Amino acid sequence: MSPTSGPAADSTVEPSAHLAADSAVDAAAAPVAHPAAGPAADPAELRRIHGFVSAFTRRQAARTVDFPGGFAALDDAYALSHGNNHVLVDGPTDAEALPGRVDALLGHLPHRTVYVLAGAAAPACADPLTRAGYEHATVLLMRHTGPVPELGGAREVDLPALRGPVTESWRRFLPTAGDEVIRDLVERRAARLRGAADVRFLASHDEWGEVASWGDLYLDPASGVAQVEDLVTAASHLRQGHAGVVLDTALRIAAGAGCATVFLTALADDWPRHWYERRGFVPVGSVHCFERA
């Protein structure tokens, strides 16, 4: 969900790729905490968001392996991307058995990543995973509550247009990562095209036509839910308003598609969540992220 903010770096240090977005908005380059209280979430709406996360994760995966209360999402084409190879717990499960189950499902990989959608399962899963050596972070689910922006300005781009700037951004975020890691983090975007009914890559350009900031928009008009993900600004264009242009454009497209629920993810303890709050997003839930090398 790959959950995913600032950046939620990937490969050997990724708290997420779908859930905790790999974002670096215009303020700077950017977990165990409980989310700050926002307005009470509509339980039905939160179920729709959880359903969107689960469905996107399944559709994006090359293959899945189910178990009671969750599944493993796997893709050998991007084996070094945690966001494409992890376990998602989205229902009641045997918490004490979870560490062993994860080892069995992800044993061919150099990492272990588990996402638990907040609910009754989350507290129960935390203790066994922590005892097994996992680090724990909280990723917020943040819903847009403000008005639809009057202006946009970003435009849809294809994957080749993003390859250069995305590669540069990952080398900035992970300066010691090898070429194979960077390749997986850059090229995995192609798998996201499978994740939702309508997937768009948006970018804001500078006056010379160079990509300055970019982000993903995943739309499911049938459920009325959309997600903004992976909002990143190039180092040479920080603090110039480009991330806001991409975000505003995404919100306008989502509204036009009939998606009344628009959400994104952000680490509870990192600064991008405050930038999103200033732009009308409020925490309505959380996902618990557990990682072990």
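**A hairpin and an aromatic cluster**

Hi everyone, let's start at a bridge: Asp66 has Phe71 in strand E2 as its bridge partner. Please keep in mind that this is a predicted model.

That bridge belongs to a pairing between strand E1, residues 63-67, and strand E2, residues 70-74, which run antiparallel over 5 bridges. Together E1 and E2 make a hairpin, with 2 residues between them. In the turn, Gly69 shows a positive phi of about 95°. Back to Phe71 for a moment: Arg58 lies over the face of its ring, 3.9 Å from the ring centre.

Now for the rings. The count of aromatic pairs comes to 6. One of them is Phe52 with Phe56, a stacked pair at 6.3 Å centre to centre and 25° between the planes. How are these two placed in helix H1? They sit 4 residues apart in H1, residues 43-60, so about one helical turn separates them. Phe52 is buried at 6% relative accessible area, and Phe56 is buried too, at 1%.

Phe56 has another partner, Tyr218, and this pair is tilted: 4.4 Å between the centres, 35° between the planes. What I like here is the sequence separation. Phe56 belongs to helix H1 while Tyr218 is in strand E8, residues 211-220, so the pair links distant parts of the chain, 162 residues apart. Both Phe56 and Tyr218 are buried.

Which residues make up the aromatic cluster with Phe56? Phe52, Phe56, Tyr218 and Phe263 form one cluster.

Definitions and conventions
Residues are numbered from 1 along each chain as its sequence is written. This is a predicted model: local features need pLDDT of at least 70, side-chain atom pairs count only at pLDDT 80 or more; totals for chains, interfaces and linings use all residues. Side-chain values use heavy atoms; hydrogens and water are left out. Two strands pair if DSSP finds at least two bridges between them. Rings of Phe, Tyr and Trp (its six-membered ring) pair if their centres lie within 6.5 Å; planes under 30 degrees apart count as stacked, over 60 as edge-to-face and the rest as tilted. Buried means under 20% relative accessible area, exposed over 50%, partly exposed in between (1.4 Å probe, protein chains only). A charge sits over a ring if NZ of Lys or CZ of Arg is within 6 Å of the ring centre and within 35 degrees of the ring normal.
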